[in-house]
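Open the model in your viewer and keep the selection tool at hand. This tour goes stop by stop.

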Amino acid sequence: MRKVEYPAPLQELIRQLQRMPGIGPRSAERIALWIVQAPNSRPGEISEAITRCSKAVINCRECGFFAEGELCVICSDPARDRSVLCVIEQPTDILPLERTGAFNGVYHTLGGKLSPLNHVGPEDLRFEALLQRIKQVPPSELILALGADVEGEATASYLSQLLAGIELRVTRLAQGLPAGLGLESADDVTIARAFSGRTEFPR
Ligand SMILES: [Zn+2]
């Protein structure tokens, strides 16, 4: 007797869905069955949105946030205060900070944090681009909004060494951010407080 499986195209869809983060075999199967069976699934719209998004959305040349052109909405906004530069780990850290309404400066995404265990060294992060930016448009304050974990601390210290000799006020967000977690998991009030209570970073 032949072993019975889903038809090949359905198996392929399940395989593709499983490549996505957070989607295991069971979820992939459930989504795939919904796509082929539900009368309102409109698969054309889903695939079109995926294709359009993956082509149109890039990282901002300046800050690293998501953008549709060379510059994101923040970097192309003349009302933003370019004298205050906030250094963050990931582009996804920007929205939680923006939602607080506590910050009107501009950002610089490092692309991660120093992590020898995960083989992330200084050359893997956007430190050089940051130094270039500081040279080109010297800010009056650099705010370090890095995670309150060991790797975030190591990244902040490394940055502080890099900035040695550059005349610049360096601050960090006040403690109170959840230890061991990134900005994404903090609520608006905590982030807003951490902003307003920021302290000088020892150099
Ligand atoms: Zn930008």
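Buried means under 20% relative accessible area, exposed means over 50%, and partly exposed lies in between (1.4 Å probe, protein chains only). This is a predicted model: local features need pLDDT of at least 70, side-chain atom pairs count only at pLDDT 80 or more, and totals for chains, interfaces and linings use all residues. Residues are numbered from 1 along each chain as its sequence is written, and side-chain values use heavy atoms, with hydrogens and water left out.

**Stop 1: the zinc ion**

Select Cys-60, Cys-63, Cys-72 and Cys-75. Their SG atoms are the protein donors of the zinc ion, lying 2.3 Å from it. Donors are N, O and S atoms within 2.8 Å of the metal (3.2 Å for Na, K and Ca); water is not among the atoms, so sites may look incomplete. Along the chain, the donors follow the spacing C-x2-C-x8-C-x2-C. Why is the arrangement tetrahedral? The four donor atoms subtend angles of 103 to 114° around the zinc ion. Four donors count as tetrahedral if all angles lie between 85 and 135 degrees. Cys-60 and Cys-63 are both buried.

**Stop 2: the sheet**

Helices (H or I, at least four residues) and strands (E, at least two) are DSSP runs, numbered from the N terminus. Now show the strands. Five of them form an open sheet with mixed pairing, in the order β4-β3-β5-β6-β7. Strands pair if DSSP finds at least two bridges between them. At the edges are β4 (106-109) and β7 (199-200), each pairing on one side only. Select residues 84-88, which are β3: this strand pairs with β4 in the parallel sense over four bridges. Ile-88 stands opposite Thr-109 in β4.

**Stop 3: helix α7**

Go to residues 188-196, helix α7. Thr-190, Ile-191, Ala-194 and Phe-195 are buried here. Seen down the axis of α7, these buried residues fall within an arc of 135°, so they line one face. The arc is that of the directions from the helix axis to the C-beta atoms. Turned away from the buried side are the exposed residues Arg-193 and Ser-196. What covers the buried residues? The cover includes β3, α4 (94-100) and β5, where contact means heavy atoms within 4.5 Å.

**Stop 4: helix α1**

Finish at residues 8-18, helix α1. Leu-10, Ile-14 and Leu-17 are buried. They cover an arc of only 65° around the axis, which puts them on the same side of α1. The face turned away carries the exposed Ala-8 and Pro-9.

Conventions:
Four donors count as tetrahedral if all angles lie between 85 and 135 degrees; four count as square planar and six as octahedral if opposite donors are over 155 degrees apart and all others between 65 and 115; anything else is irregular.
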